[in-house]
Amino acid sequence: MSTPGLSSFLRMMPHIERLWFVIDVEDIVSPFAKRLEMRCLSSLALFLRTEGFGTLDSFFESIELPALEGLQVYFEDDTALTWRWKNASVLERLKSLSLSKIAVRPIFGSDMDNEEMCEGLRSLLQNTPALTYLRLTVDWVSVQMLSLLTLHPLDASSGVTNDVCPELSHLVLQSLSSIWGADAMYNITPGAIVDLVSSRWRSP
(Lines give C-alpha, C1' and ligand atoms only; values in the text may rest on other atoms or scores of the structure.)
Protein backbone atom coordinates (compact mmCIF):
# COMPACT_ATOMS: atom_id res chain seq x y z
CA MET A 1 0.00 0.00 0.00
CA SER A 2 1.05 3.63 -0.41
CA THR A 3 1.73 6.29 2.22
CA PRO A 4 -1.44 8.19 1.16
CA GLY A 5 -3.27 4.91 1.84
CA LEU A 6 -1.67 4.79 5.29
CA SER A 7 -2.70 8.40 5.93
CA SER A 8 -6.28 7.63 4.93
CA PHE A 9 -6.35 4.60 7.21
CA LEU A 10 -5.06 6.61 10.16
CA ARG A 11 -7.71 9.29 9.62
CA MET A 12 -10.35 6.59 10.05
CA MET A 13 -8.64 5.15 13.15
CA PRO A 14 -7.64 8.17 15.25
CA HIS A 15 -7.46 6.18 18.51
CA ILE A 16 -5.36 3.26 17.29
CA GLU A 17 -2.46 2.41 19.64
CA ARG A 18 -0.39 -0.13 17.68
CA LEU A 19 0.04 -0.59 13.93
CA TRP A 20 2.00 -2.81 11.51
CA PHE A 21 1.91 -1.65 7.89
CA VAL A 22 3.54 -2.50 4.54
CA ILE A 23 4.47 0.33 2.16
CA ASP A 24 5.26 -0.96 -1.31
CA VAL A 25 4.58 2.10 -3.47
CA GLU A 26 7.33 4.69 -3.97
CA ASP A 27 5.51 8.00 -3.65
CA ILE A 28 5.77 11.32 -1.85
CA VAL A 29 3.01 12.52 0.44
CA SER A 30 1.85 16.07 -0.23
CA PRO A 31 1.80 18.09 3.02
CA PHE A 32 -1.64 18.36 4.60
CA ALA A 33 -3.14 21.76 5.35
CA LYS A 34 -3.40 20.54 8.94
CA ARG A 35 -1.08 17.85 10.28
CA LEU A 36 -2.75 14.60 11.31
CA GLU A 37 -2.34 14.14 15.06
CA MET A 38 -2.24 10.56 16.32
CA ARG A 39 -2.52 11.06 20.07
CA CYS A 40 -2.78 7.35 20.97
CA LEU A 41 -0.35 5.66 18.56
CA SER A 42 2.49 4.36 20.74
CA SER A 43 3.96 1.58 18.58
CA LEU A 44 4.49 1.60 14.81
CA ALA A 45 6.07 -1.11 12.64
CA LEU A 46 6.63 -0.46 8.92
CA PHE A 47 7.88 -2.80 6.20
CA LEU A 48 9.23 -0.65 3.37
CA ARG A 49 9.36 -2.32 -0.03
CA THR A 50 10.63 0.90 -1.58
CA GLU A 51 14.11 1.99 -2.63
CA GLY A 52 14.67 4.44 0.21
CA PHE A 53 13.32 6.30 3.20
CA GLY A 54 12.14 9.33 1.20
CA THR A 55 8.55 8.11 1.14
CA LEU A 56 8.48 7.65 4.92
CA ASP A 57 10.19 11.00 5.49
CA SER A 58 7.54 12.79 3.46
CA PHE A 59 4.84 11.01 5.46
CA PHE A 60 6.34 12.34 8.71
CA GLU A 61 5.95 15.88 7.37
CA SER A 62 2.17 15.57 7.63
CA ILE A 63 1.71 13.80 10.95
CA GLU A 64 2.17 14.41 14.67
CA LEU A 65 3.10 11.44 16.87
CA PRO A 66 3.15 12.74 20.45
CA ALA A 67 2.65 9.28 22.02
CA LEU A 68 4.98 7.26 19.77
CA GLU A 69 7.56 5.41 21.85
CA GLY A 70 8.45 2.45 19.63
CA LEU A 71 9.27 2.42 15.91
CA GLN A 72 10.38 -0.58 13.84
CA VAL A 73 11.35 -0.12 10.19
CA TYR A 74 12.19 -3.06 7.94
CA PHE A 75 13.81 -2.41 4.56
CA GLU A 76 15.38 -4.37 1.69
CA ASP A 77 18.51 -2.40 0.77
CA ASP A 78 21.19 -0.75 2.92
CA THR A 79 21.27 2.21 0.52
CA ALA A 80 18.04 3.34 2.20
CA LEU A 81 20.18 4.33 5.19
CA THR A 82 21.94 7.05 3.17
CA TRP A 83 18.74 9.13 3.09
CA ARG A 84 19.14 12.57 4.73
CA TRP A 85 16.06 13.04 6.91
CA LYS A 86 14.19 16.35 6.86
CA ASN A 87 11.10 15.60 8.99
CA ALA A 88 12.37 13.25 11.69
CA SER A 89 11.70 15.80 14.46
CA VAL A 90 8.30 14.08 14.78
CA LEU A 91 10.26 11.31 16.57
CA GLU A 92 11.62 13.48 19.38
CA ARG A 93 9.81 11.44 22.09
CA LEU A 94 10.78 8.05 20.67
CA LYS A 95 12.22 5.59 23.22
CA SER A 96 12.87 2.52 21.06
CA LEU A 97 14.03 2.34 17.44
CA SER A 98 14.78 -0.70 15.31
CA LEU A 99 16.10 -0.37 11.75
CA SER A 100 16.42 -3.80 10.16
CA LYS A 101 17.44 -4.91 6.70
CA ILE A 102 15.70 -8.07 5.53
CA ALA A 103 18.33 -10.57 4.38
CA VAL A 104 17.37 -11.82 0.93
CA ARG A 105 20.66 -13.21 -0.41
CA PRO A 106 24.20 -14.16 0.71
CA ILE A 107 26.52 -11.21 1.29
CA PHE A 108 30.15 -11.62 0.23
CA GLY A 109 31.34 -8.05 0.49
CA SER A 110 30.22 -4.47 0.93
CA ASP A 111 30.28 -1.69 -1.66
CA MET A 112 28.26 0.58 0.63
CA ASP A 113 29.62 4.08 1.18
CA ASN A 114 29.93 3.89 4.96
CA GLU A 115 30.34 7.66 5.35
CA GLU A 116 27.12 8.31 3.42
CA MET A 117 25.25 5.71 5.43
CA CYS A 118 26.44 7.17 8.73
CA GLU A 119 25.51 10.71 7.73
CA GLY A 120 22.06 9.45 6.84
CA LEU A 121 21.80 7.74 10.23
CA ARG A 122 23.05 10.90 11.94
CA SER A 123 20.31 12.99 10.30
CA LEU A 124 17.77 10.58 11.81
CA LEU A 125 19.30 9.98 15.24
CA GLN A 126 19.90 13.67 15.91
CA ASN A 127 16.12 13.92 16.13
CA THR A 128 15.70 11.16 18.75
CA PRO A 129 17.20 12.62 21.95
CA ALA A 130 14.98 10.50 24.22
CA LEU A 131 16.02 7.19 22.63
CA THR A 132 17.06 4.52 25.15
CA TYR A 133 17.01 1.43 22.88
CA LEU A 134 18.52 1.17 19.40
CA ARG A 135 18.80 -1.89 17.17
CA LEU A 136 20.53 -1.75 13.78
CA THR A 137 20.55 -4.79 11.51
CA VAL A 138 22.56 -4.10 8.36
CA ASP A 139 24.80 -5.89 5.87
CA TRP A 140 28.02 -4.67 7.49
CA VAL A 141 28.73 -2.95 10.79
CA SER A 142 31.50 -0.43 10.12
CA VAL A 143 33.96 1.49 12.27
CA GLN A 144 32.22 4.69 11.08
CA MET A 145 28.98 3.42 12.62
CA LEU A 146 30.69 2.78 15.95
CA SER A 147 32.20 6.27 15.85
CA LEU A 148 28.78 7.80 15.17
CA LEU A 149 27.37 6.10 18.27
CA THR A 150 30.33 7.01 20.50
CA LEU A 151 29.93 10.01 22.80
CA HIS A 152 32.70 12.59 22.44
CA PRO A 153 33.91 15.35 24.77
CA LEU A 154 32.14 18.69 24.38
CA ASP A 155 34.02 21.19 22.23
CA ALA A 156 35.08 23.77 24.84
CA SER A 157 35.42 26.59 22.29
CA SER A 158 32.02 26.20 20.63
CA GLY A 159 30.04 24.36 23.28
CA VAL A 160 28.58 22.26 20.46
CA THR A 161 28.38 18.49 20.24
CA ASN A 162 27.45 16.22 17.34
CA ASP A 163 26.64 13.31 19.63
CA VAL A 164 23.44 11.36 19.00
CA CYS A 165 21.09 9.59 21.42
CA PRO A 166 22.58 10.81 24.72
CA GLU A 167 20.11 8.71 26.77
CA LEU A 168 20.89 5.42 25.00
CA SER A 169 21.19 2.50 27.44
CA HIS A 170 20.59 -0.54 25.18
CA LEU A 171 22.33 -1.04 21.83
CA VAL A 172 22.18 -3.99 19.44
CA LEU A 173 24.31 -4.00 16.27
CA GLN A 174 23.81 -7.00 13.98
CA SER A 175 25.77 -7.67 10.80
CA LEU A 176 23.95 -9.92 8.33
CA SER A 177 27.27 -10.99 6.83
CA SER A 178 27.74 -13.18 9.92
CA ILE A 179 24.97 -15.43 8.61
CA TRP A 180 27.20 -16.64 5.78
CA GLY A 181 30.70 -15.96 7.08
CA ALA A 182 32.78 -14.99 10.07
CA ASP A 183 33.85 -11.61 8.64
CA ALA A 184 30.88 -9.83 10.15
CA MET A 185 32.53 -6.55 11.08
CA TYR A 186 33.90 -4.12 8.51
CA ASN A 187 37.34 -2.77 9.53
CA ILE A 188 36.31 -2.91 13.19
CA THR A 189 39.08 -2.61 15.78
CA PRO A 190 38.85 -3.62 19.44
CA GLY A 191 39.70 -0.01 20.33
CA ALA A 192 36.62 1.30 18.52
CA ILE A 193 34.40 -1.05 20.50
CA VAL A 194 36.05 -0.10 23.79
CA ASP A 195 35.66 3.62 22.99
CA LEU A 196 31.94 3.20 22.28
CA VAL A 197 31.21 1.17 25.40
CA SER A 198 33.31 3.30 27.77
CA SER A 199 31.87 6.58 26.43
CA ARG A 200 28.32 5.56 27.30
CA TRP A 201 28.57 3.17 30.21
CA ARG A 202 31.35 4.43 32.44
CA SER A 203 31.02 3.69 36.13
CA PRO A 204 30.01 6.79 38.13
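Pro 190 and Val 194 are the exposed residues to look at on one side of helix α5. Keep in mind that this is a predicted model.

Which residues of α5 are buried? In this helix, which spans residues 190-200, they are Ala 192, Leu 196, Ser 199 and Arg 200. These four cover an arc of only 85° around the axis, so they sit on the same side of α5. Pro 190 and Val 194, then, belong to the other side.

And what covers the buried residues of α5? The cover includes helix α4 (143-149) and strand β9 (170-175).

Ile 193 is also in helix α5. Together with Val 197 and Trp 201, Ile 193 makes a nonpolar surface patch of about 250 Å². Ile 193 has 38% relative accessibility, so it counts as partly exposed.

| Residue | Relative accessibility | Class |
|---|---|---|
| Ile 193 | 38% | partly exposed |
| Cys 118 | 4% | buried |
| Cys 165 | 1% | buried |

Cys 118 is buried because its relative accessibility is 4%, under the 20% cut-off for that class. Cys 165, at 1%, is buried too.

How many disulfides does the model have? The count comes to 0, going by the rule that a pair of cysteine sulfur atoms must lie within 2.5 Å. As a reminder, a disulfide is a covalent bond between the sulfur atoms of two cysteines.

Note on methods
Residues are numbered from 1 along each chain as its sequence is written. This is a predicted model: local features need pLDDT of at least 70, side-chain atom pairs count only at pLDDT 80 or more; totals for chains, interfaces and linings use all residues. Side-chain values use heavy atoms; hydrogens and water are left out. Buried means under 20% relative accessible area, exposed over 50%, partly exposed in between (1.4 Å probe, protein chains only). Helices (H or I, at least four residues) and strands (E, at least two) are DSSP runs, numbered from the N terminus. The arc is that of the directions from the helix axis to the C-beta atoms. Contact means heavy atoms within 4.5 Å. Patches are made of residues with over 30% relative accessible area and no salt bridge: like charges are joined within 9 Å, nonpolar side chains (Val, Leu, Ile, Met, Phe, Trp, Tyr) within 5 Å. Accessible areas come from the Shrake-Rupley method with a 1.4 Å probe; for residues, only the protein chains shown count as cover. A salt bridge is a side-chain nitrogen of Lys or Arg within 4 Å of a carboxyl oxygen of Asp or Glu.
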